[in-house]
Each structure stands twice: as structure tokens, then as C-alpha cells.
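Please open the model in your viewer and keep the selection tool at hand.

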Amino acid sequence: MRLVGFALGLALASSCMHVAEDRTRDDERIGHVHTAAIDVDVDDGAACVRSLAPVRLRAQTPSPVIRIRAPVERIRLTIDNVLPDATLSTGTLVDDLGRTKTWEVPLQSGEVAVSVHAPDETSRAPYRFALLADVQEDIDRVGDIYARMNEDPAIRFVLFSGDLTRRGTEDELIEFERRERELRVPLYATLGNHELGADEVYFQRMYGRANFNFVFRDVAFTLLDSASATIDPRAFGWLETWLERGRGRTHVVAMHIPPFDPLGTRNGAFASRAEASKVVAALAAGGVDLTLYGHIHSFYAYENAGIPAYISGGGGAVPERLDGIGRNYLTVDVDPAARKILGVSVVRID
Amino acid sequence: MVASSAVCVACAGPLLAVGDAKADDRTAATAAAVVPGALVHGSGHWTLGRRDTARMLLYGELVGIGAMGAGFGTLYVTGASRKIAAPAIASAIFGTGLFVVSWLADIDGSATDGLGQPRRVLPPIEASLGLRFVKQPAFADQALVVTGFDLRLGRVRVSPEGWFGAGRVNERLRLETAYRFAGATTRRAPDGSFIDVTVAGVRHAFPADRFATSSVELGVSGRYDLARIHLPGSFADGSIGYALMRHDYAGAPSDATEQLLARWAYGVWIGRPSSTWGEVSVFYEHRHDGYAAGFVQPGLFSGVLGSFGGRALAWLTEDLGALAEAQIGAGIVAGASVLVRQPVMP
């Protein structure tokens with residue numbers, strides 16, 4: 001009897017090992033909504049559909065391509081989280097709130113494909129982006145950080161490597177997004193373990209994919225879902241594709257939980273050292289130039305497989321004490337033409 | 001230590017006679033060990049009238065809660081500071097182990113008076129050959145041949161072990177040496193308790209994934225025969241250690257990391273070493289570099305915890321035995337081995 005119980009326990013445990021599988025399956029559905037009245041498809045799931053009447057999306061990359069089919073002549077399209085100077089390939093801008101813009105888009109024979117563009121998207125001049133993570137319960141104070149970022153006109157966008165909220169509830173994410181409107185530039189986020197504490201993963205419904213990749217000004221960016229201290233095998237397959245696609249370009253990879261904790265005895269890292277090695281080996285083989293992590297509420301600069309690695313978990317969650325760091329974010333300067341990371345700087349808030 | 005062991009073994013004799021509790025009393029005591037025993041450890045033994053044992057179990061629980069509180073509290077207050085995280089985590093693991101073991105011991109000791117006795121003398125050589133099935137989402141499922149032996153030379157033990165996947169897609173080699181400061185060796189010990197200092201080296205190769213890890217480990221491990229607190233036939237294990245790891249990648253610079261090693265277990269012996277004999281245990285293993293690695297779950301907390309498992313070994317004859325084990329963390333490891341040994345006089 002005990003053996004049967006043990007065997008049943010093992011079978012149950014086996015089904016629980018694929019802890020990130022549901023999220024990668026949801027990733028594949030994001031950006032695709034089909035109803036009797038309208039079809040919306042976003043290439044590569046680069047934006048999530050938040051409503052259909054009116055059509056409203058949240059962009060998760062600078063240049064999503066959106067295909068709409070509906071039996072109407074025009075449609076009003078609102079996209080949140082776009083670059084302040086973004087334009088749409090087709091349509092008339094009717095409302096501009098900086099990071100949120102609305103266009104009136106004509107449809108030809110009931111369909112249209114539009115793409116968001118930045119005026120500098122083909123430039124190969126150096127530019128800057130920021131990295132922030134681990135705001136968690138400190139949403140009320142995150143405005144300080146956004147204000148500091150807004151003072152730096154060179155920052156083109158912000159990568160957010162997880163733990164936007166304390167538990168990932170819908171209310172917390174609504175509040176996070178309300179505060180996010182104080183930010184001048186878009187924020188492209190993957191989720192952290194603190195987005196997994198609610199009855200469902202609201203992050204994906206409200207923000208979009210947990211694993212995604214985009215190219216901006218000839219620099220590839222890959223954000224991965226390591227919120228469960230592992231990478232789902234399906235997402236690892238995507239990573240291999242994105243690494244191949246990113247060859248020849250500067251490639252930046254960000255995720256929440258780092259493969260290795262610089263303090264190994266603490267292991268704020270992947271659950272499996274072997275899997276951590278596998279992922280890092282793949283990043284090295286794929287020619288990744290920079291890895292960015294969160295989860296550990298401090299600042300660390302180190303290397304994994306020779307790739308510069310930075311942890312910046314200074315968004316306001318309970319800080320690591322005795323480190324003299326406090327709240328912080330990173331700025332990263334990249335030079336696409338030279339295929340170089342020009343510099344990574346830590347910006348202290350307090 | 002030897003003297004105290006002798007005293008406790010002497011105590012265990014009459015206790016076995018005390019084990020004539022009626023079945024109804026045992027049922028009530030076992031139920032009490034579960035509720036309210038989950039909160040107040042020792043409730044089962046208190047119900048049986050074994051107040052000293054009940055008190056020891058309660059003290060074990062309280063010390064465990066204290067160590068857990070100190071560990072988790074320190075981690076929370078310091079934000080898992082790099083300056084103090086390792087001892088805080090060790091304290092939390094030790095406390096959790098003490099808490100769980102004192103509860104399991106109350107349940108087990110309430111239900112039975114012990115089903116077996118420890119081995120007090122060990123053979124000079126024991127060898128094993130078996131198969132393990134490993135399921136890890138990050139890697140292909142595989143079956144591995146596992147083989148190794150324990151060679152004992154006085155207080156020194158040398159234990160090489162190898163895990164070999166088909167087609168050499170995966171290979172883990174481990175060499176452990178231990179010095180036994182106290183406890184059974186090829187010479188008789190008073191009870192099942194022991195304490196070892198261990199040094200080990202590990203090489204784990206994943207050729208298909210183009211990386212390998214190596215580590216050097218130093219640790220202390222021990223077993224406490226719970227007959228010393230009037231719980232004959234059961235034991236608690238604990239170990240603590242430190243590992244330096246190196247991660248080698250094809251065509252890229254290596255990484256150096258470190259690892260906290262810790263383990264606790266609760267187990268029982270079944271039978272007498274002079275005839276068919278075995279031991280069954282459940283355990284927590286903190287290491288993150290094995291096949292099971294650390295525990296993952298769908299919610300908030302993954303990565304820090306290690307793995308959980310169970311292990312059963314039986315010597316069916318004086319020189320032939322079997323071992324079965326299963327472990328779950330980020331992966332599942334399950335399998336069995338055949339054991340052979342040089343017979344010893346128990």
C-alpha cells in the first residue's frame with residue numbers, strides 16, 4: 001500500500017516538474033484573437049490584445065506587426081507601450097499620449113497589416129537602454145526610479161527582468177501599469193517568480209509573452225521566462241532559434257532568476273546546476289554579448305562563460321542588506337555598428 | 001560518547017519490554033502524534049505515558065523551530081545578504097530537519113517499538129550495480145547504469161561511484177573518502193550512531209550539451225541512533241558541507257561556483273543484522289548539482305530548496321542485498337541496485 005502511494009506520489013510529482021510549460025503554451029496564444037466579428041494576429045506575439053472593441057494592444061517590442069481582419073472600412077487601433085516617437089505604417093494618428101497612441105486605420109477588403117516604426121530603427125548609431133527588476137511591494141515608490149530614468153534623454157526603452165509585483169494579482173499589475181505611465185519610454189518586461197503567486201498568471205494576459213525576442217537598431221534582445229528557476233524546454237528551443245537569428249549582431253539576453261547566483265551557497269539561481277550550465281553554454285555558443293538578471297535584490301557584476309553578467313534587483317523589494325547598494329537600475333550603452341557593449345552603469349536611487 | 005552509547009543501549013533493553021502497549025493505546029497514541037502532534041511533537045509518546053521521550057521530542061521541535069526562525073528570520077531581515085546567507089540557510093535546513101524528524105519519530109515510535117536494530121559492524125567491502133531512470137525536463141529522459149563500492153580500511157572508507165548513460169551521453173563519476181571518528185566500522189560499535197568527515201570529488205559530463213561540471217567537496221555527516229532517546233530501531237541523519245564547482249563549456253571560459261551541501265533524513269531499521277535486515281529512510285538533500293537537483297514548483301518559490309526522496313535497502317542473505325531509491329527535485333530519479341558484500345559476523 002505504501003509503495004502504491006509512493007508510486008502515485010512520484011507520478012504526481014512528475015507532472016509537476018514541467019512547471020513553466022503552461023506559460024510557454026500561453027506564449028504561443030498571445031497576440032492571436034479570433035472572433036466572429038474580428039481577427040487580430042500579431043506577428044511573433046509581439047503585442048498582447050487587451051480588448052477588441054475598440055482594438056487595444058500592449059506592445060512588447062518596439063516594432064510589432066499587426067494584422068486585422070474585420071468587415072468594416074476603418075478601425076480605431078490603440079497601442080500601449082510604444083516609443084514616444086513611434087509611427088504606424090498605415091493610418092492617421094488621432095490621439096497621442098506619448099507611450100499610448102491611437103490611430104484610425106483603413107481596411108482594404110476587410111483586412112489590413114500595419115507595423116509600428118521608430119524613426120531611428122535603421123540607425124546603427126550607439127544608443128542606451130535601461131534595466132530594472134524587482135519592484136514587488138514597492139510600487140508606490142517606483143515613480144522615483146521612473147523620474148530618474150526620465151531625466152536621462154538617452155534612454156530609449158527599459159527592459160524589466162521580472163518581479164513587477166508582490167504576487168502577480170490583477171490589481172497589483174493594474175497598479176504597476178498605472179505607475180508605469182509616469183515613464184517616458186516603453187518598458188518591455190518578462191515575468192519573475194513574484195508574478196506566480198496569484199490564481200492565474202495575469203502577467204501574460206496583461207503584458208504579453210514571458211519569452212520573446214526582438215531586434216532594435218541592429219541589436220537583438222531576448223527575454224526569457226526563468227521565473228520557476230528553470231527554462232521550459234519549449235522556450236529553450238525558441239532560445240536556440242533566436243540565438244541563431246542573432247548571430248552577427250550584438251545580442252542581449254535578460255531573464256529574472258539567473259542561472260548562477262554569484263553567491264553559490266545561497267543559490268538564488270536555477271534549481272539545477274546542470275541546467276544552468278546548459279543554458280549558459282548555449283548563450284556562449286550563440287555569441288551572446290551581455291546577460292542581465294534580477295531576483296537578487298542588490299547589484300552584482302560578474303561573468304558566465306565569459307559573457308558579462310549583471311544582476312540588478314534594486315527596484316524596491318526588500319533589499320539585500322550590508323551591501324551598500326540600495327535601490328538601483330542599470331543603463332547599458334550599445335554600439336550596433338561596432339557590435340559592442342560600450343558600458344554598463346549602475347544608477348543608485350537612494 | 002561510547003560510554004553514553006552503552007548506557008543508552010542498556011536503556012533500550014527494558015524499553016523493548018515496555019513496548020507491550022495495547023493495540024488500542026497505540027492507535028490512540030499514533031492518532032495523537034498526528035493531531036495535535038503535528039503542532040506539539042511528542043504528543044503520541046505522552047499519550048503512551050513515555051514522558052521522557054515525549055519531552056525530548058518536544059525539545060527537538062522547539063530547537064528546530066528556533067533554528068528555522070533564526071535562519072529564515074535572518075534571511076528575511078538581511079535580504080539574504082551575501083555576508084550571512086550561507087549560515088542562515090544552514091540553520092534553516094537544520095531546523096527544518098529537526099522539526100520534521102521529531103514529528104516522524106513521534107508517529108513512528110507511537111505506532112511501533114522499533115522493527116529492527118542497527119548494524120554495529122560493517123563489512124570491509126560492499127559493492128552495488130543497478131539502474132536509475134532519470135527524468136529531467138531540461139534534458140532527454142535516460143536510463144543510467146550505476147555502480148560503485150565502499151571499501152573500508154579501519155576508520156577510512158573509500159567509495160567510488162559511477163553513473164553511466166547509454167552512448168555516454170551522460171556520465172557522473174564520484175570518489176568519496178571518509179574518516180569515521182565514531183561509530184561502526186569493520187569493528188563493532190555500541191549502536192548505529194556515527195560521525196564521518198568526508199572529502200569527495202565529482203566529475204559530471206554532458207557531452208551532448210557541450211559542458212561538464214567538476215567539484216571538490218568537504219563535509220561532515222553523521223547518524224544519531226534514536227535508541228539514545230528511547231526510540232529503538234530508528235535513526236536521524238544529518239550532514240553539512242561545502243563544494244567548490246567548476247563549469248566547463250566547449251569553446252568558452254569556465255565558471256567557478258560554490259555550493260552549500262546539507263542533508264537530513266529519518267529512517268528505521270527492519271530486522272536484525274544477523275538475519276534478513278534492512279533500513280528505510282526519507283530524506284531532504286540540499287545539493288543542486290545531482291540528477292534530481294533542486295525543487296521547482298508552479299508558484300512563488302523555486303530554486304532554493306533541494307530535493308526530497310526515499311531510500312530502502314535490504315540484505316536478503318549474508319552477502320546479497322537490494323537497494324531501491326527515488327528522489328524528486330527539478331528532476332526525478334528512481335531505480336534499484338543489487339548489493340553484494342563480504343559477509344561479516346553481525
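Begin by selecting chain B: of its 346 residues, 51% count as buried, a term that stands for under 20% relative accessible area, with exposed meaning over 50% and partly exposed in between (1.4 Å probe, protein chains only). This is a predicted model, in which local features need pLDDT of at least 70 and side-chain atom pairs count only at pLDDT 80 or more, while totals for chains, interfaces and linings use all residues. Residues are numbered from 1 along each chain as its sequence is written, chains are lettered from A and ligands numbered from 1 in the order in which they are written, and side-chain values use heavy atoms, with hydrogens and water left out.

**Chain B as a whole**

Colour chain B by secondary structure to find five helices and twelve strands; these are DSSP runs numbered from the N terminus, helices being H or I of at least four residues and strands E of at least two. Its radius of gyration is 21 Å, close to the 20 Å that the globule rule gives for 346 residues, so chain B is as compact as a globular protein of that length. The radius is taken over C-alpha atoms, and the rule is 2.2 Å times the number of residues to the power 0.38. The C-alpha trace of chain B spans about 65 × 55 × 35 Å along its principal axes.

Next, select B:T112, in the loop between α5 and β1 (125-135) of chain B. With 21% relative accessibility, B:T112 counts as partly exposed.

**Aromatic rings in chain A**

Over all chains, the structure holds 25 aromatic pairs. Rings of Phe, Tyr and Trp (its six-membered ring) pair if their centres lie within 6.5 Å; planes under 30 degrees apart count as stacked, over 60 as edge-to-face and the rest as tilted. Select A:F129 and A:F157, whose ring centres are 5.7 Å apart with planes at 10°, so this pair is stacked. A:F129 lies in strand β11 (residues 127-132) of chain A and A:F157 in strand β12 (residues 155-161) of chain A, so the pair ties together parts that are 28 residues apart in sequence. Both A:F129 and A:F157 are buried.

Move to A:F214 and A:F221: their ring centres are 5.1 Å apart and their planes at 20°, so they too are stacked. A:F214 counts as buried at 5% relative accessibility, and A:F221 is buried at 0%. One aromatic cluster includes A:F129, A:F157, A:F214 and A:F221.

**A charge over two rings**

Which rings does the charged end of A:K278 sit over? One is the ring of A:F236, 4.7 Å from its centre, and another is the ring of B:F139, 4.9 Å from its centre. For this, NZ of Lys or CZ of Arg must be within 6 Å of the ring centre and within 35 degrees of the ring normal.
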